[in-house]
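Hi everyone, thanks for making time this morning. I'd like to walk you through one model, so let me put it on the screen.

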Amino acid sequence: MTTDVTTAAGRGTVRRLAGSLHRRPRLRLALLLTAPLLWLTVLYLGSLAVLFVSAFWTTDSFTSQVVKVWSTDNFHELLTTPVFRQVVLRSVGVALAVTVLCALIAFPVAFYTARVARPRWRPLLVVAILTPLWASYLVKVYAWRLILSEGGLADWALAPFGLSGPGFGLAATVLTLTYLWLPYMILPIHTALEQLPDNLLDASADLGARAGRTFRSVVLPMVLPSVAAGSVFTFSLSLGDYITVQIVGGKTQLVGNLVYSNIELNLPMAAALGLVPVLVIVLYLLAIRRTGALNSL
Amino acid sequence: MEGRAIRLQDLHKSFGGTTAVAGVDLEIRDGEFFSMLGPSGSGKTTVLRLVAGFETPDRGRIELAGQEVTGLAPFERDVHTVFQDYALFPHMTVEQNVAYGLKVRRVPKAERLVRARKALAEVRLEGYGQRRPAQLSGGQRQRVALARALVGRPRVLLLDEPLGALDLKLREQMQVELKAIQREVGITFVFVTHDQEEALTMSDRIAVFDRGRIAQVSTPAEIYERPATAFVASFVGTSNLLDGETAHRIVGAPGTYNIRPEKIRVLKESAEADEPEHTTAGGTVADVVYLGDATRFLVDLDGGGRLTALQQNLETSSEDVAAYRGTRVRLQWHRRHAVPLPS
């Protein structure tokens, strides 16, 4: 026989190894999960833990040095200072507004791309929706700065109606964030609508329902979990943003800005402020989980 | 007096370049269990969808109970459909599914519940009202779909291969139940199937579809005993055709004849064969297939042609029939069982 002896032996070792792995499912799982679990615990959860711990430290007000002494002063200040409370509420309000706007805009768009457009065009339309995500975040935000600036595109387009653009401020922030995160809302809704079986719509019509009733009783309830899934993205991305608001927000301050401005002078305070969006998003996720949306992510 | 539930006139429908329905005329009587039988792509499901209103015909006219409904939307027609894959709403409970049609028609909630529970009882699913469709077996889902379609007491119930997804035992059981339910509620059932046995056992009348047209409309017995075309003969039951030279020689007249296998007796060559009104043909047994309750003989006729004969195993056993292979036999059938077909 002409079989190479060493290759045969090597193959035998691999075979034996594969065989012994096959008989030890726990070992297989351990080998598979060790690296990603290390990444998750050390880098991700570890940094969250550091954030959490440092929020309980304080700063020497003369030297700006961090004093590693356990205290709840930061949280006390956070809860009692009206400005902080205002900023937190404003941030949550912006995130909610962006989410609602995204849902309202995304639904008709997704309905068109998933059910109205010819099947041949659908993948192309999805790509078209995704293309803005390939452009740089900053480029897009500065584009909106141009659109919304005084005498910019918004002013020019609204002038014939005797109106002017919103200018820089809260409204501009909401508008720009809505534009930025819209694809994250369209995609899950598109997928849900595309997977909606035709015969459920037929069945509804067959049982006497007009289009409006079918929409309310069949389409909407079946797509709602996907809207909730999309809202997880739009909500959390908006809540964590601090760049857009600097560029188009005028003097508006969000939680992110406070973290940013405290990070040099008062790191423990910045950490405490940083925990706020984490907490809000955890609460939001808990609320969303009750809708069953996380199962369809 | 018996009314007319459905009347179809000259229905045509094509999708893109493919003709699905090419001129269908049909009348279905009130209270009838009517089956539309045919292979896949023969147009039977399209006709059903046209009647339901999911498709609009390119040409032709559809009447329900004497009223023209050709251009009406599904929700304007007094018909309900049981879909092939049931099409139950996954986000609703069984009870909400069944009550959906009533809710849409603004039946008060209390009455809705009572009627939904009654409909579930009719299909023997009491106590399942709070479950979700995903928690039911195939047979149970099928019955929920039936209850949902029946609860509004439509004039006509359309069933699109409703038993196709069930296994054999369950299918046979559902055939009996469907027929019983239909008799009980007295609603016209239009049943689409590609399973000839299903159509034969359940229907009052059958329409056999062939390439977008109806080949024959008749009672099951008539369709089986007197098929109108070679297609019907071969699609319903086993066809056994005698044609050309062979037909002329054996039957005594030219043409194409169909003889059902179970009508043919297999006799020993030595047997006394002269019976009045009977036709006899000699041949050699090419193969014997033992089926348990019966035996199928494939016989090569002297001078060309092959016939299949089916014999009940009244006295013979598997060993006995195997011995027939290769022996000479005489085939005999009553003259009226050789059914002439249009060529």
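Let's begin where the two chains meet: 16 residues of chain B are in contact with 15 residues of chain A. Please keep in mind that this is a predicted model. Which elements of chain B supply at least two residues each to the side that touches chain A? They are β6 and α2, the latter covering residues 94-104. Of everything on that side, α2(B) gives the most, with three residues. As for residue classes, the side of chain B that touches chain A has 10 nonpolar residues, along with four polar and two charged ones.

Six strands of chain B make up an open sheet, and their order is β6-β7-β8-β3-β9-β10. The pairing there is mixed. As a quick reminder, strands of a sheet pair through backbone hydrogen bonds, either parallel or antiparallel. At the edges we find β6, residues 79-82, and β10, residues 213-218, both of chain B, and each pairs on one side only. From one strand to the next, the twist averages 20°.

Let's look at the β10 end. Strand β9(B), residues 205-210, runs antiparallel to β10(B), and five bridges join the two.

Helix α4 of chain B, residues 138-150, lies across β6 and β7 of chain B, where β7 spans 156-160. How does α4(B) run relative to β6(B)? The angle is about 175°.

That's my tour, and I'm happy to take questions.

Note on methods:
Residues numbered from 1 in each chain as written. Chains lettered and ligands numbered in written order. Predicted model: local features only at pLDDT ≥ 70, side-chain atom pairs only at ≥ 80, totals over all residues. Pairing = 2+ DSSP bridges. Helix = DSSP H or I, 4+ residues; strand = E, 2+ residues; numbered from the N terminus. Axes fitted to C-alpha atoms, helices over the stretch in contact; angles between N-to-C directions. Contact = placed C-beta atoms within 7 Å. Nonpolar A, V, L, I, M, F, W, Y, C, P; charged D, E, K, R; others polar.
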